[in-house]
Amino acid sequence: MTETIVILDFGSQYSQLIVRRVREAQVYAELLPWDAPEESVMGLAPKGFILSGGPRSVYEAGAPFLPAYVLASGVPILGICYGMQALVDALGGKVAPAADREYGFAALDISQSSALLRVGDHPQVWMSHGDRIEVMPPGFTVLAKTDNSPMAALGDLEHGYYGLQFHPEVGHTPAGGQILERFVREVCGCQGDWTPESIIDQAVQRIQAQVGAARVLSAVSGGVDSSVATALVQRAVGEQLAAVFVDTGLMRQDESTWVEAAFRDNLGGNLVMVDAADQFFSALAGVTAPEEKRRIIGETFIRVFETAASELGDPPYLVQGTIYPDVIESRAPERGHAQRIKTHHNVGGLPERMDFALVEPLRYLFKDEVRIVGEALGLPAALVWRQPFPGPGLAVRCLGEVTPERVEKLRQADAIFTAELAAEGLLIYRQNQAAEAAGTAQAFAVLLPVKAVGVMGDQRTYEEVIALRAVTTVDFMTADWARLPDGVLARVANRIVNEVQGVNRVAYDITSKPPGTIEWE
Ligand code: XMP
C-alpha cells in the first residue's frame, strides 16, 4: 500500500498547496475535510497528519477542532497556523488573540535544532494570522521565533508533534518545501514511493478492479487529460477499450493528425475517428453569442458522441479525465463558488445520458502529475506538454460568425504565431519559474468580427483582423500579457498578412487578467 500522509483541511486557501508540496517530495498525500469520517481517514493508514490553516479562531464557539482519533493514532502531526492552534488546543495549551495581526514576510530565528528546521540561518517565512499561542501544551518546546511571534515554531519531538505559525506551503517561504519534506520523510519515516511507476501501477489496479471484463469507452480530444486517462485505461484493460475522437472542424492545425498518430499504434481498430465538421458548422450557422456557441457545441458533441457509442455497442463504462483539483473543489460548496464568468462546456465532456459508469483514472492527480504519468506511458511530448486549449475549440476564438472559411483563416494565423514562438523557445509547457519569466503559458490567435482598410501593392484592401494573445501565468486564474520581443511580433504580423488570405491587419492584446480573461469569448 502506498505510504500516505493525510492533510486535514480546516479551510485555508492554501490547503491544496500543502498536498502538492508533499507530493513533490514523492510522498502521496490526500486532502480531506477536518471532520471527514474517522473510518475513511484511518482506512488510508496515514503515516502522518498535516493540519492546514483556516479562517476561524479555535476559541470561537463551533470552531473546527482536532478530532480525538488523530491524536490516538500515535503518528506524527504537523499543524500549520490554525492547524497548530487546533493541535495546541487539543493537547491542553492555550490560544488567544494576538495584540497585532501578523501578515507578510518574517525572518525565522531558530532557537532549537530539530529534524524539521535544519534550513539555514534566519530563513524567510510567510505569516498570516491573528491568534497566537499563549501557553504551550506539556512536553512542547519553542523551536523558533520571529520578531512578532515568540512561538513561531514549536514541537514535542518525542511524539513527533510540530506546530508552525508560518505557512511552509507557499512560495513566499522558500525553505518551506524542504520543511514539509523533512516532516514526511524524517519525522513520519516515509521512503517516497509516489513515483510515476507506482502511480501507474495503482491506477491500473484500480481500473481493473472497477471494470472487470466489461468494455470501456473513451472520448479523446487531443487534450492532456483525456489523452493520459485513455492511455492509462488502455494499459489496464487493453482490447476492452474503444476510443472516439470527434473532429469538430474547430481543431488547431494538424491536431487530428497527431491524435491519430499518438493512439492508432496502441488502439488500432479500437480508435474511431469521426469527422463531424459539417454537423458543427451547420449547428453554428448565424450564431455569434459566445455562450450560445458553447451550448451548441456541447450539445452537438453529445449527439455525435452518442451515435458513435451506439455504433460501438454502447459500452457500459466511460472514461472521464477528472483531476484532483476538480474533486477537491466540487467538495466544498459551502465555501461558495466563484462566479461563473464563462461556461467551460468542454467538448469531450460528459454526455447527460448518465447510464455510463465513470472510470476516472486521474481522480487523485494534479495536472503536473498527469503530465509526468503521460510521459512515463510513452505519449508524445507534444501531446503531454501542450498548452491549454478550450473545449469549444477555435469557435470561441473566431469572434462573430463561425464559418469554415473564417475558422480556416484563424487556424492558419494561429499556426504561424505558435510556430514562430516555438522556434524562439517562447512557448513553455513545464511549470518552471525560470522559463516562465521568458515564456508564455498560453499563446494563440483570435479572429475579430470587424474589417479594416489596408493597402497592398497599391490596392485598397478591406479585410479581416487577427489579434494575437500571449500570456504569462502560473495558475490561469490571473495572467499578464507577455512582453514578446518586437522582432518576433514583427515577423509574425508580417507572415500572417502575407500568408493568410483575407487578413490585412494584426493587433497585439495588452490586457491582463483581470480585467480581461485569457480567451476573448
Ligand atoms: P479565461 O478565458 O477564462 O480562461 O481566462 C482560463 C483558461 O481556461 C481556458 N478556457 C476553457 N477551457 N473550455 C475549456 O476547456 C472552455 O470553454 C474554456 N474557456 C476558457 C482558457 O484557454 C484558459 O487556459
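**Salt bridges in a predicted model**

Hi everyone, let's start with a pair of side chains: R491 and E420 meet in a salt bridge, with N to O at 3.0 Å. By salt bridge I mean a side-chain nitrogen of Lys or Arg within 4 Å of a carboxyl oxygen of Asp or Glu. R491 lies in helix 16 (residues 486-499) and E420 in helix 14 (residues 404-423), so this pair ties together parts that are 71 residues apart in sequence. Helices here are DSSP runs of H or I with at least four residues, numbered from the N terminus.

A quick word on where this comes from. This is a predicted model, in which local features need pLDDT of at least 70 and side-chain atom pairs count only at pLDDT 80 or more, while totals for chains, interfaces and linings use all residues. Residues are numbered from 1 along each chain as its sequence is written, and side-chain values use heavy atoms, with hydrogens and water left out.

Back to our pair. Is E420 buried or exposed? E420 is buried, with a relative accessible area of 11%, while R491 counts as partly exposed at 33%. For those words, buried is under 20% relative accessible area, exposed is over 50%, and partly exposed is in between, using a 1.4 Å probe and protein chains only.

How many salt bridges does the rule give? The count comes to 28.

Let me show you two others. In helix 5 (residues 176-187), R182 and E186 sit 4 residues apart, about one turn of the helix. Their side chains form a salt bridge at 3.3 Å, N to O. R182 is buried at 14% relative accessible area, whereas E186 is partly exposed at 42%.

Then there is R252, which forms a salt bridge with E255, and their closest N and O atoms are 3.1 Å apart. Here R252 counts as buried at 18% relative accessibility, and E255 is buried too, at 1%.

Q234 is buried, with a relative accessible area of 18%. Which residues does Q234 touch, not counting those up to four places away in sequence? They are L241, N266 and L267, where contact means heavy atoms within 4.5 Å.

If you keep one picture from today, take R491 in helix 16 and E420 in helix 14, joined by their salt bridge.

Key. Helix = DSSP H or I, 4+ residues; strand = E, 2+ residues; numbered from the N terminus.
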